[in-house]
Amino acid sequence: MNFVEHMSAMYRSWRDREPINSAPVLPGMKVLGHLPTFRSNAFAVLSEASTLGDVVRFDLLHTPVFFVKHPDAVGPMLDSQELWLRGEGLQPLLGRNVLSMNGAEWQASRTFAQPTFHPKMTDLVAQDFVQRAITYLDKWHSWARSQTEVDLAREAICLFTQCATPAFGFRFLPEETEAFPAAILRLQQWAFAALAGGKRRSRKVSQDMAMLDGIIERSLNRPPATDQPPTYLDRLRQDHSIPRDSLRDHLMLMLIASSDNPPNTFAFVIKALLDNPEWEEAARAEIADVLGDEPPTVASLESLPLLSRIVDETLRYYPPVWMLARHSTRDVELLEHHIPAGTMALIGTYFIHRHPEFWEDPEQFNPDRFLPHREAERHRYAYLPFGSGPRRCIGSRIALQEVRLLLALFLQRFRVIPTHTGPLPLNGIFALRSTIGVPCLLQELTS
Ligand code: HEM
């Protein structure tokens, strides 16, 4: 028996064994399983799997993968780093940093990053973000006046590269900002395909990567500002225990994290409000009542609870991080299904957020689900836009502050006229996105 026959025989015996309570299987192609579709549209594969149950097996080539969408199963997966380790899928793009590391290395990186995300720091950063955004929005005003159609998903990413990334120590040139939305999409597509079986870097992807590396290198070579608290980049540069050749990986994560998921969330909020104009008007009324024409501040967010609930509900309805990957370190049970050691499991956040056992009328957009008394009744692991447990998102506070502040600024200034109606066609690579963006016209509001 040669090696291939031996591996096939092992796989067949694994596949045909009769475990107690084996999970339902999503049928796929004989050899490739679901690999081709998974590479280009993992969201479609998991959507299909989710119709079969709460724990479903599907194969990528000969490798079994489990899809999980029950909060009871997900809790231990997110809480126990002994049983489940974070997947390393983003490593080709982001390198080795707090997101992709595990164990003691992860702990050290997380502890190092923590002061940058202390509430005192994020309050300062968020206030700075408002000032930058007010200036940046002049551009959006000019589009409103010229009735130019814009894709708000793309434009929000551009805004965040200019207004949010400086807090971490980055400066984008205008041409880099313009190129970034397409580049980040290509890079994520490439990294995802690499994860699911490998794909060579195209010339375009190499150029995109070179552009991001260039932004990091240039930012590292700039002297630190002396009149502001040290940025994440300044702190990394000052810490001589961190080897210089690993700085790029730590910085690449913060560069992408601060300029992709938050604007993606903002764009989804706009789409949700376009589809539910009664909430848009209610939010605008709350803002007018609390702020009048004054720009929002971090302190004023406390007095805008509906605005917060709208963002929370959007993160349920369209969670940008729509799935989480884990590897089992030993044999485990998930809802009584046996999962062998070394297996990849994908937690389907998007599908948990629409699970009818845990959400009443899940397809309806209803920010009032997040009224305090209703939140208290919810299953602890039914709402996971930022994950949960020790690997929970470190940037959730600043991300929420920036999205809410931008939304308040936006609703004070503009009304949106959609140029595409109906449900958004969604595709999930690492991030959930609308394949057509959020196309619209902006209309200036006169006070
Ligand atoms: C709305 C915006 C955001 C969303 C929806 C989001 C979502 C998430 C989720 C779901 C995780 C957990 C992944 C897992 O358990 O496998 C995560 C982790 C992480 N996020 Fe975010 N994130 C956002 C914004 C940010 C921002 C602004 C930053 C920093 C600039 C950031 C930095 C990180 C880091 C460093 C981790 C890894 C934490 C660890 O493993 O210890 N995120 N994020």
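Reader: How many bridges join strand S1 to S2, and what makes the two a pair?

Author: Six bridges join strand S1 (residues 55–60) to S2, and the two run antiparallel; they are called a pair because DSSP must find at least two bridges between two strands. Strands themselves are DSSP runs (E, at least two residues), as helices are (H or I, at least four residues), and both are numbered from the N terminus. Within this pair, valine 55 has valine 68 in S2 as its bridge partner, and in the hairpin of S1 and S2, which has two residues between the strands, leucine 61 takes a positive phi near 60°. This is a predicted model, in which local features need pLDDT of at least 70 and side-chain atom pairs count only at pLDDT 80 or more, while totals for chains, interfaces and linings use all residues. Residues are numbered from 1 along each chain as its sequence is written.

Reader: Which strands form the open sheet whose pairing is mixed, and in what order?

Author: Five strands form it, in the order S1-S2-S8-S5-S3. The pairing is called mixed: strand S2 (residues 63–68) runs parallel to strand S8 (residues 344–347) over four bridges, whereas strand S5 (residues 324–328) pairs with S8 in the antiparallel sense, also over four bridges. Leucine 346 in S8 stands opposite phenylalanine 67 and also opposite alanine 325.

Reader: What makes a strand of this sheet an edge strand, and which strands are these?

Author: S1 and strand S3 (84–86) are the edge strands, each pairing on one side only.

Reader: Which strands of the sheet does helix H3 touch, and what is its direction relative to S8?

Author: Helix H3 (residues 71–79) packs on the sheet, touching S1, S2, S3, S5 and S8, and its direction makes about 120° with that of S8. Contact here requires C-beta atoms, placed from the backbone, to lie within 7 Å, and the angle, on a scale from 0 to 180 degrees between N-to-C directions, is taken from lines fitted to C-alpha atoms, for helices over the stretch in contact. Helix H2 (residues 35–50) also packs on the sheet, touching S1, S2 and S8, with its direction at about 160° to that of S1.

Reader: Which residues touch the most other members of the largest nonpolar core, and why is it called a nonpolar core?

Author: Of its 118 residues, Phe66, Val68, Leu255, Val269 and Leu407 touch the most other members. It is called a nonpolar core because its members are buried Ala, Val, Leu, Ile, Met, Phe, Trp, Tyr and Cys residues joined through C-beta atoms within 7 Å; buried means that 20 or more other C-beta atoms lie within 10 Å of a residue's own, against 12 or fewer for exposed, with partly exposed in between, and C-beta atoms are placed from the backbone. Helix H18 (residues 396–413) gives the most to this core, with eleven residues. Leaving aside neighbours within four places in sequence, leucine 255 is in contact with Thr165, Phe168, Phe170, Leu212, Ile215 and Ile216.

Reader: Which residues around the ligand come nearest?

Author: Ala257, Asn261, Gly387, Cys393 and Gly395 come nearest of the 23 residues around the ligand, where a residue is near a molecule or strand if its C-beta atom, placed from the backbone, lies within 6 Å of it. H12 gives the most to this shell, with four residues.

Terms used
Two residues are in contact if their C-beta atoms, placed from the backbone, lie within 7 Å.
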